[in-house]
Amino acid sequence: MGDKRPYQAFGQWLKTARQDVHLIQKELATAMGFEVSIVQKVEQGQRRPSTAFIQRLAQVLQIPPEGIPAVDRLQATNVHIPRRGRLPGPGPLFSGSYLPLHPNPLFTGRDAELRQLARAFTRGTAVCVGQTVAATGLGGIGKTQLAVEFAHRYGRYFPGGVFWLNFAEPEAVANEVARCGRAEHLNLSPGYEQMPLAQQMALVRRAWQEPIPRLLIFDNCETEALFDQWRPTTGGCHILLTSRCQRWDPTLAVNHLIVGTLTRPASVTLLRQFVPEIAEEAATAIAATLDDLPLALHLAGSYLSLYGDSVPPDSYLAQLNGHGRLAHPSLQTGTRSPTRHEMHVANTFALSYDRLDTAVPVDRLAQQLLARAARFAPGEPIPPALLLATVEGEITGPQEASQALVRLEHLGLMTTGAGGVIRLHQLVAEFVQAVDRDEAAQTAVEATLMRLTSQCNEMRNLYPARNWQGQLRHVTAVAQSRADTTAAQLCQTFGWHLWICGDYQEAQMILETALKLCREVYGHLHPETAVTLNQLGRCCLPLTQLAAGRRYHEEALATQQQLYGEQHSLVAAAHNELALILQELAEYTAARSHLETAVHIRQQTLGPDHPDTGFSCLCLSLQLRLEGDYETARQWGTEALRIAETALGSDHPDTARALNALGLIYGDLGDLAKARSYFTCASHIRERVLGKEHNDTLSTKNNLNEILILDGHYHEALPALEQVLIVCERQYGPNHFRVAQTCRLLGTLFIELGDLDRAFAYLQRALSVYETTYGINNPALGNTLNYLGELHRRRGEWTQASDVLYRSLAIREEKKGAGHVDTAVTLAYLGHLLVDMGELETAQAHLERARTTLTHSLPENHLLLARNSQVSGCLMLARGEPEAARRYFAQALHVREQSLGPDHPHTRESQQSLNHLPA
């Protein structure tokens, strides 16, 4: 059914007009000579006004009949506007419209913004009453061009017409408004042009209060007061305003559309509309250099289309990057502007910048913040707290800081993105640096980044600094060219941050630069040089550049000793770091000596409860573990955990390190449940604090996976290990020791699953990486060689198994000693092989020797002893001594049931061995 009140729009207009002259319905009817019921029905939309009604109404209201809106036109208040599907093309506007700017045939890349504007002006599919949308953003971003395009594409859906008003000069807005009432537009009254300006404005503003939908475009409306002064208070007008101001008082009911830079593909398309033959790579590079700013791209495209023969794109790009982008002639003049704006990028920014009045405290602070923001990485997000920290001494309170930031947003010089981060366009940053050469800004930015990052480094809290890592990288790179003390300190701070994050290769590069600068500005014999040497040595450890790491740490130790003597905490640190390298080189005696010295010095100089003392205790614990002294290692590890939890808290990376170490020790002691508990706790901390893909996190995950394999949870360990391998390969490449460790565990797992071909592939890969990383005689190869030997034994490949296991035995006897647990483990593997080969005497000698070491070093219910008992049972059975075999199998079964449970494959192995013995 149709609308029962088809003339309601005219009735609404009549009611407003009557009330404006302070008449009630009866008074109006009397003055017109009509019954009051007729006036009532017209106002209620139940009756169409006759020609006589309109003529008499005009006389009473003292306006010409043509000044009364046509009924048919006012009926069109429920116009449908497309919000989806293809964008409408440019089309004719309703008669009377005023739109002085033509469609731009080069317009591109704003489809999403056009649809967003269409949605903002409608409810459902109909134009809704009195909507205001502000298209805001930086000068040169294309706000006016967007408004022009929207008007040409969607203006046909506003039956009251489209009216363009230039608000750039506030004192001229009255004339802009008055123009709308002229005969060629609203045609409000005969002799309109001769009326006083005030009367013209009154007539226009009254017309704007009609319910018919009109689109008013307030171009360059930069203040809330100006907008509030001229917006209609009622009626069907909709306002699209363009402004640099990105914050509007919510009481003004302005919907925001922040206009950003073009997407990179749209930027390339725009350039190609000027220069169709430009290569994709060159267009992309130019767009990136201009940070996708439409005005700059338009000017660049115009320049290339004019001078492309003499200045090809590559040369143009080099010129832009060589002497400052904004200084290039192409960005200072161009062809005609489709929006009649100045075609000069720097001058466009200056319109906003020059509105800062340094005599006003808030503007002065805003200018300081802008100068500092320009020294950060252009285009990179800046956490607001970081920016404000650069002017701490200038801020009297948080309200002043907030007002200064809002001021910059109002001027369109700065934008705020998701999470409150601040962004400065690259060209704006270059403009600010050119007009504000305040060296204090650069100094403040560098000092703030160093101070805040150093605080994070000291607490090994990587996440706050990760929020500004890109900024730190940029500022450090800029400072390097100066080769001064600040540059050296920035490199040192940034390099250490990267080390904490696990970005070892980049950390090494930055720290190498730091070392070069330290030697230049401080000299070789200086504390900062020694600290940087230690940091570089630490990078070498996870990168397995052991020889280089040793050199760095030895030089650092010698420098510290020469500077401070023997009893100093920094000397202790150098001892500690050198020891960690020596551990990897299997020089255990020297490593232990350095660690004992470090513990002693730190206990004396820092105290027994200092975190650094705890770290040395932890390193000594791990050294004792390598030597096979698990009980003493456990005691030192427990002490290290106590210190870390007390001094640093339960969620600190050093606490996780101590938990991880204790997990290793309890695993060595055969307490799989405790080991799993420690690894799980350490893994949770490291994931939270360091991230899921940090090297330390991956290390703990592998330790936990090894416990899962020992505990028989093969199908739980398999996907976890495969995921770790993917991450390690992506993070470190195929030849990293963490990749080798993961491959070794996967090989072990597939041996247990009986998939010997896959096991062999993983173990061979692990061995190759270990040999490349550590050399062919490092103890790190031992476990991999043992499992390879076991794999060959299961395949019946006796010669290969023997070669591999005797190689492992030789390495372990040389590096760890004949009485070490690891040596005993290899002897047990050899014993098992020799039993299968029938060399029973040699097998028994190896197994007895292994049992002596294991019994001396491990608890009596340890799984390694159970394995030795199981193999010894096989030996006794091969020698025809079933009762001796029974005793050994029973011992193995007892330990395995206690440690692994009745359903573990190894427990079932021992049970089956007992079951198959003759009664």
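The crossing of α29 and α31 is left-handed, a term used when the near helix is turned anticlockwise from the far one by less than a right angle, with clockwise giving right-handed. Helices here are DSSP runs of H or I with at least four residues, numbered from the N terminus. This is a predicted model, in which local features need pLDDT of at least 70, side-chain atom pairs count only at pLDDT 80 or more, and totals for chains, interfaces and linings use all residues. Residues are numbered from 1 along each chain as its sequence is written, and side-chain values use heavy atoms, without hydrogens and water.

Helix α29 covers residues 611-626 and helix α31 residues 653-668; their axes come within 10 Å and cross at roughly 20°. Axes are lines fitted to C-alpha atoms over the stretch in contact, and angles run from 0 to 180 degrees between N-to-C directions. That makes α29 roughly parallel to α31 (angles under 35 degrees; over 145 is roughly antiparallel). Phe-615 and Leu-618 are among the α29 residues that meet α31, whose side includes Ala-661 and Leu-664; contact means heavy atoms within 4.5 Å.

I turn now to a second pair. The axes of α26 (residues 546-564) and α27 (residues 569-584) come within 9 Å and cross at roughly 160°. The two helices are therefore roughly antiparallel to each other. Their crossing, too, is left-handed. The contact includes Leu-546, His-553 and Tyr-564 of α26, and Leu-570, His-575 and Ile-581 of α27.

Conventions
Angles under 35 degrees count as roughly parallel, over 145 as roughly antiparallel, 65 to 115 as roughly perpendicular and the rest as oblique.
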